[in-house]
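Open your viewer and get ready to select a few residues one after another.

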Amino acid sequence: MALYLDSLRSLLPDDIRGQLDRALVPEVKAIVDAIVRLAVGAAAPEHNPVPGWEGLQPRARKVIDDLKRGEHAQAGQKRPRDDDPASASKRAKTDGADAASTEHDPPRFTLHALSVSSPIRKKVNITVHRSSIRLTNPSTQNEEHVPIPLAAVQRAFLLSTRGKSKPHWTVALLASDTPAPTSKAADSTKDTPVPQLVFGLDATLTAPFTTTAYADDGTPKTETYPKGSASLPGLRAFLSHIPAATLEPSTTVFRSAAAPSGDGVAGVEAYRGAKQGTLWFLDEGVLWDGKPCEFFALEHLAAPGKGDQAFDGVRTLSATGRTCSVILRRIGGKLAAKADADAESDEEDLGEDFDFGMVDGREQETIGRWIKSHRHRFGRPVEAARAAVQGNGGSADAKGKGKAKAEDPRAEDTEDEEDSDFTMDSSDDETSSGESDDDSDASGGGDGDEDGEEEGDASDDRTGEEDEPEELDPKHHPLLRPGAMPRMSRAAVEAVVGMVEQDMMGGGRGPLAGDDSEEEDELED
């Protein structure tokens, strides 16, 4: 069956169609249909397979492209001169890429017809080759972008897209934690920056979705996911061919307090300047999924320091409580290489601050818990952080009661540190109970008086110890930290505003105005 030839034959006039039918016998008709398939890049015919079909397609595509360029030049269209260095270099890169794709860089896995948002905004086929990632046109199979070196991909993320009416997945492949420089900064660099690759797909497919896996000998195996099925298995199969480990946000690490009820979200909505995005809090760091994406690894966040210039790698600031800003401080490799909490370096890396604003105020508590559980890893290389946690396994207890087991910082109490200021000290309970026992013993007389005197002396000793002035540690008192601001409830703010209005304008709101009227009535009486 000559499917392609018969489909095109119906477009011809009747007289030409008749001449074609008389000239083509069935055997020749099958050969012509195979040539048409080869020209358009289609699959090999089932009934009359051609040996080496996969190797012939790139060569046929190159021949057709050369013919198209020749026809454009004959039609009077502008064509680059052969002696132009720029055009010569472009042709050399293209020819080299074609040769590499056919010989030294065979394909491994392909996602067909996906919408890409970076580095280009277009629907393309995304193919992972042995040493590169290529974006090709689904119909013409021409490359739409320069191949991305596979070895340059350092981070891979699988995210749940926010702001979509339906569940949606986003895949982001980054060559570095910081985005590539643009404009003049890019021109000043000698090396060509590797772009980010970002694309998405509906979690539940609204149309059939196709993937192709290639064996070692180049044999393709196509799998089609029907409409209504989950797309996640296909994305995971694609990410399995990426050398970098795939990082996924988890609600066990962070759960948004402002997100709608349900499975939860491991990120918060924020603005960086005028650009909206999401800050994802992962166990490995913080990801900003705006355009462009940027990752703040724990080892690159400023470690908690001492002195007036102490500053955590992540902190929140809020003036009203309704919204807050998340400030991240990234440091270089000097401080991270010497990451020791007690060591002082002569070359201090102050780092660079990144401000993300308009975060819902309800997220301050959840962000604070994440900071508390990950602060010990700020500014430390991954190996040093693991060694520090393992080294605490044999530390002695402060009270001298033997060896203490290493505690996981994530298992600490999740209450706010500010709540500790309002809890009753256990020593106060003991003192009050001791005083009550003294009173009861004094009323009983006899031996009770002696016991009461002994307990009274013990309580006096404790009281003397408590009266001694102690230096407050900012670690346990958040209001002593640089930039700290006390929290005020909405009722307290409204009460203060009402008092100011009453004093300045003679009025007010709420119960304050009612109290004034009652006082005036009493004076009139």
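Select A113, which sits in strand β1. Strands here are DSSP runs of E with at least two residues, helices are runs of H or I with at least four residues, and both are numbered from the N terminus. Now look at the backbone: the phi of A113 is near 55°, a positive value in a residue that is not glycine. Buried means under 20% relative accessible area, exposed means over 50%, and partly exposed lies in between (1.4 Å probe, protein chains only).

Before moving on, note that this is a predicted model, where local features need pLDDT of at least 70, side-chain atom pairs count only at pLDDT 80 or more, and totals for chains, interfaces and linings use all residues. Residues are numbered from 1 along each chain as its sequence is written, and side-chain values use heavy atoms, leaving out hydrogens and water.

Next, select S118 and P119. What kind of peptide bond joins S118 and P119? The bond is cis, with omega about 10°. P119 belongs to the loop between β1 (107-118) and β2 (122-129).

Now go to K291 and P292, where the connecting peptide bond is cis, with omega near 0°. You will find P292 in the loop between β13 (285-288) and β14 (294-297).

For the last stop, select M358 in strand β17 (residues 352-360). M358 is not a glycine, yet its phi is positive, about 60°. Show the surface here: M358 is exposed, with a relative accessible area of 56%.
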